[in-house]
Amino acid sequence: MSLIKKFYYPLGKLPSLILRWFDNNLTPVHTGPNKIDWARILPFIAIHLACFGVFFVGYSAFALGFAIFLYALRVFAITGFYHRYFSHKTFKANRFWQFIFAVIGLTAVQRGPLWWAAHHRDHHLFSDQEPDAHSPVQHGFIWSHLGWFLSKKYFHYDAKRIQDFLRFPELRFIDRFDVIVPILFAVGTYGLGEYLNHYHPALNTNGLQLLVWGFCLSTVCVFHATFTINSLSHCFGSKPHKTSDNSRNNFFLALLSFGEGWHNNHHFYPACARQGFKWWQIDITYYLLLGLEKIKVIKELRQPPKSILNGAPH
């Protein structure tokens, strides 16, 4: 905090706040009462408001297809790597590929992989107990869906939870400066739209259109598709396995989140890469991970015990 006062606060509060958006280490650990950090979440609010830009930038088939593609890519990066790899280590990847998918995950604007995984590991340790940051049982639906990560209390994470990945300096760097990748991604999306507008006008798109559809709208959809697993998947659905929490299986949420909706399955046996235990439990993330294993991008996908797959009672 002394460094902030010495070098940044003389510039004024607004420049200091902007610098905090770029360097997470400039934000002090919050030890007071838990509350929303309204100043810092302005970009989160802005990206939601920017979605209304669809009424001004127009529509094109390319922009829609681009938004759907980016939704699928980034949901997979969150579910397959932020969740099943960084949080649970349910398969192995070399240093190059873990970095590549960490960067893709960053484009979803859900903070860095170390922050994400550390908090998720806490969630499994205390699921639906008082220390669980996003339990709708303990803290209510709105807080579990989005309030918790907008609060000052959970801006930082317990480094002890993620020691296995802290040894990689490249992961520590992108986690500390986690806003850089989303900004570059947004600029690149705008640049692609301008390039296509100039060289391929038949596509009927431009920079602002791709920025709104491909970055803003697609990102907000990724936000809420994955947030529902913290909120709705602990409220609605079936509970075939006995767990100490209120985790539920939900077919609709599983489709939306590429398999994460089989949440009771996951909490019953979180150590495997597969969350859809039955043939009809569609788990798109798992199918994509199988594909990556086939082409040797990843290896050693961990499977649930055969007794679970065969439907043995629990």
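Q: Which side chain meets that of Asp23 in a salt bridge?
A: In this predicted model, the salt bridge has an N to O distance of 2.8 Å. The pair links distant parts of the chain, with Asp23 in the loop between H2 and H3 and its partner in helix H11, 153 residues apart. The partner of Asp23 is Arg176.

Q: Is Asp23 buried or exposed?
A: A residue counts as buried when its relative accessible area is under 20%. Asp23 has a relative accessible area of 9%, so Asp23 is buried.

Q: Which class of accessibility does Arg176 fall into?
A: Residues over 50% are exposed and those under 20% are buried, with partly exposed in between. Arg176 has 33% relative accessibility, so Arg176 counts as partly exposed.

Q: How many residues apart are Arg95 and Glu170?
A: Arg95 forms a salt bridge with Glu170, and their closest N and O atoms are 2.6 Å apart. This pair links distant parts of the chain: Arg95 lies in helix H6 and Glu170 in helix H11.

Q: How many salt bridges does a search of the whole structure find?
A: Side chains of opposite charge can pair when their charged atoms come close. Arg84, Glu260 and Asp283 are linked in a network of such salt bridges. The count for the whole structure is eleven.

Q: How many of the 13 residues of H7 are buried?
A: The buried residues of H7 include Trp115, Trp116, His119 and His120. They pack against H5, helix H6, helix H10, helix H11 and helix H15. H7 is largely enclosed by the rest of the structure because the number of its residues that are buried is eleven.

Q: Which helix supplies the largest share of the lining of the largest pocket?
A: The largest pocket has a volume of about 1000 Å³. Of its 41 lining residues, the closest to its centre are Phe44, Val109, Gln110, Arg111 and Phe223. Helices H2, H3, H5, H7, H12 and H13 each supply at least two residues of the lining. The largest share, seven residues, comes from H13.

Q: How many residues of this lining are nonpolar?
A: The lining of the largest pocket also holds ten polar and five charged residues. The nonpolar residues number 26.

Q: Which residues does His266 touch, not counting residues up to four places away in sequence?
A: His266 is in helix H15 and, at 1% relative accessibility, counts as buried. Its C-alpha atom is separated by 9.0 Å from that of Asn249, 17 residues apart along the chain. The residues that His266 touches are His83, His88, His120, His124 and Gln275.

Key:
Residues are numbered from 1 along each chain as its sequence is written. This is a predicted model: local features need pLDDT of at least 70, side-chain atom pairs count only at pLDDT 80 or more; totals for chains, interfaces and linings use all residues. Side-chain values use heavy atoms; hydrogens and water are left out. On a 1 Å grid over the protein atoms alone, a cavity is a set of points where a 1.4 Å probe fits but cannot get out, and a pocket is an open set with protein on both sides within 12 Å along at least five of seven lines; lining residues have an atom within 4 Å of a point. Grid points are joined across faces, edges and corners, and a volume is the space filled by probe spheres set on the points. Helices (H or I, at least four residues) and strands (E, at least two) are DSSP runs, numbered from the N terminus. Ala, Val, Leu, Ile, Met, Phe, Trp, Tyr, Cys and Pro count as nonpolar, Asp, Glu, Lys and Arg as charged, and the others, Gly among them, as polar. Buried means under 20% relative accessible area, exposed over 50%, partly exposed in between (1.4 Å probe, protein chains only). Contact means heavy atoms within 4.5 Å. A salt bridge is a side-chain nitrogen of Lys or Arg within 4 Å of a carboxyl oxygen of Asp or Glu.
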